[in-house]
Amino acid sequence: MTSPARNRRRAVEVPPLLEAFRADVEARASRAGEPADLARRRREASELLTREGFPHSGVEAYRFTDVRAVLAQPHRVVPPARPELPGGNGGATSTLVLENGLPTPLRPHEGRGLRLRWSGSPERADIAERLGELAPSDSAFVAQNTALFGEALLVEVEPGARASLRTVTRALASVSPVLAAPRTLVVAREGSSLEWIDALEGEPEAAHLSSGVTEIFVEAGARVEHVRVAASGPRRADLTTIAARVATGGRYVSRLFSLGGALTRVDLRVELRGEGASTVLDGLSLADSGELVDHHTHVRHAAPGCTTEELHKGIVSGQGHVVFDGVIHVAKGARGTVAHQQSRNLVLSRGGRVNTKPHLEIDHDDVKCSHGATVGRLDPAQLFYLRARGLPEAEARATLVLAFAREMVERIPDRRLGDELGRRVAARLPGGTLALEAL
Amino acid sequence: MLSIEDLHVSVGDRPILRGLSLEIRSGEVHALMGPNGSGKSTLASVLAGRDGYVVTGGRVTYLGRDLLAMAPEERAREGVFLAFQYPIEIPGVSNLYFLKAGVNAVRRHRGQPELDAMDFMKVARGHMRLVELDEALATRSVNQGFSGGEKKRNEMFQMAMLEPRLAVLDETDSGLDIDALRVVAGGVNALRSPERSMIVITHYQRLLEHIVPDVVHVFVDGRIVETGGRNLAERLEAEGYARYERAPGARAKAAP
């Protein structure tokens, strides 16, 4: 990983205009009811950002992902608001729509066990204190989010409860270009289970920069299944940091579906902190002309007997560009670690580009680890087999591309979600919808 | 139905087929026997339209048309079927759904109405029984996790579904035990008809005990060196191919 010292070299200035940015931060830090600790952290983050700026493409971790063009736009920051959360406790199943990162009223459902709050609510101060505990504090994008987020969404699953949550962050063209800073903190208490569908959507013409941070605590024996779907859009940028910590016997499953957009950068960090903790990191990146999708993942095995299964796939067409950088770090003492990491990529065009770098850093002997990467075109033998049975060449190609992508969809246990996502993925692939009908 | 005249085919700079001529009429079953490396499978690939083969001379006429000018899918729709020696695995593509796409592409081409899912399944079930293909396999990804015998049965199942005019069976017996061989041969025999011709490519005579050919060709070094009736196969089994082979030096060049 890049050292902080390197990160600090020749950085990009902070857009939008510095004065406006400071005013936005101050408006949040000084408002009534703002916890003193949070106000202090916002100001610190603001200072860090104005001092250090954003990383440019000379910084190793951003080598392929130049954020300057996106950040140079004079985005309007979503004004802070502290909306009511009707219904108090959400039920076991809740849907939350956040317009431009701002919440619309909750729709409570029956059941118990899922508690949703905004960070300003006094009764959840104990949870709000954990904001920033997992997200890397030296990241410019985390600092931007910390300085600017309005209200953090606090999600708590009570011990032993089973819950599902769907959040939709929707970009609206009416306030465009806009900078949204969604912030989410999830605490899955001991033995609980959460299925969270986390969607980033928007009106096609909306210019939208989402600078999001999500922190997830998976307590002992808890399970979190986190499906994140970022829709495409020619004027959409998505810079997101997700950090999870998994306690003894806990399990965190991440499924990242980045379906395009001008710029997508996801930094996913998982710490397997308790014995027997496990994580599954699945990813699918689709990039066509004018699109860059960059997934950086970092898993730290800090305890014995932990497991990582990682499979990230990329498909590029036109002049699209997919980047994958994955680190699995096995710390000293993490005996019995099992970690497998695969990056598999399909290049459908001459102009398409893939940069992939899976790597393992192993400080302990008694471990089973593997990693690998493939970048290739469609298999001519498979193509011929389909054509020899009468499928037109275009349909045969579309079928194989869709099959490659669908593996990631079919790994989702929730069949209905899988089908829905399968259709969306197909719609983004050359001939995909046609192939989906034929199959 | 199929007329091959003085066909020359190379892979890279290496000539594989060297002046092959063959005439097959409607309803005939021709066995093509020969040692490894004689070019039998190359012929199968060229007929089906696989990339990587350069035709340097001769021609192939199928139902009055230039077969070599047609794309693989066009050949399939015109009724050419290749049973692969090594069937390809395609993860993520369901065996049945892919076949339905193929069958309906063929039916559209023939001016027949497409089969809906229910009709297709009805026909498919019958043909799966014919080649004793486990129904569970039919819904899995194409050939993925199939045993060698299951892959070959799957080829025969696909052949039955696609109802070809000309079927080329490329070493369909290889890797089969005697029971599987009997089942596969039974399937092939059930599909014999006066409108359907077959080329059965094999190294051994044992398949021909079950699929009795009308004509047997001995194929050595890229051309047919002898043609006869079914008793020619029996003689080959007893004597081997040694009498047809050229000096070792010359043969080494032709072998892959």
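Predicted model: local features only at pLDDT ≥ 70, side-chain atom pairs only at ≥ 80, totals over all residues.
Two strands are said to pair if DSSP finds at least two bridges between them, and helices (H or I, at least four residues) and strands (E, at least two) are DSSP runs, numbered from the N terminus. With that in hand, let me start with chain B, where an open sheet of 4 strands has the order β2-β1-β4-β5, paired in the antiparallel sense. The strands at its edges are β2 (14-24) and β5 (65-66) of chain B, and because each has a single partner strand, one side of each is left without a neighbour in the sheet.

Residues are numbered from 1 along each chain as its sequence is written, chains are lettered from A and ligands numbered from 1 in the order in which they are written, and side-chain values use heavy atoms, with hydrogens and water left out.

Back to the sheet: strand β4 (residues 54-62) of chain B pairs with β5(B) over 2 bridges in the antiparallel sense, and there Tyr62(B) stands opposite Arg65(B). Elsewhere in chain B, strand β6 (residues 80-83) runs parallel to strand β9 (residues 166-170), joined by 4 bridges, with Ala167(B) as the bridge partner of Phe81(B). From β6(B), Val80(B) and Leu82(B) point one way and Phe81(B) and Ala83(B) the other, and all are buried (under 20% relative accessible area, where exposed is over 50% and partly exposed lies in between, with a 1.4 Å probe and protein chains only). In a regular strand the side chains alternate between the two faces of the sheet.

Helix α1 (residues 40-48) of chain B is mostly covered, with 8 of its 9 residues buried, and just after this helix Gly49(B) takes a positive phi of about 95 degrees.

How do the two chains meet? In terms of contact (heavy atoms within 4.5 Å), 18 residues of chain A touch 29 residues of chain B. The buried area, meaning the accessible area (1.4 Å probe) that two parts lose on being put together, summed over both, is about 2000 Å² for these chains, 67% of it on carbon and sulfur atoms. Of the area that chain A buries against chain B, 40% is supplied by Phe384(A), Tyr385(A) and Arg389(A), more than by any other three residues.

The interface also has 2 salt bridges (a side-chain nitrogen of Lys or Arg within 4 Å of a carboxyl oxygen of Asp or Glu), and one of them joins Arg387(A) to Glu73(B), with the closest N and O atoms 2.6 Å apart. On the side of chain A that touches chain B, α7 (380-387) and α8 (393-410) each supply at least two residues, and α7(A) gives the largest share, 6 residues.

Finally, within chain A, Glu151(A) and Arg31(A) form a salt bridge whose closest N and O atoms are 3.4 Å apart. The two residues are 120 residues apart in the chain, Glu151(A) in the loop between α6 (140-148) and β5 (153-157), and Arg31(A) in the loop between α2 (18-29) and α3 (36-52). Glu151(A) counts as buried at 9% relative accessibility, and Arg31(A) is buried at 18%.
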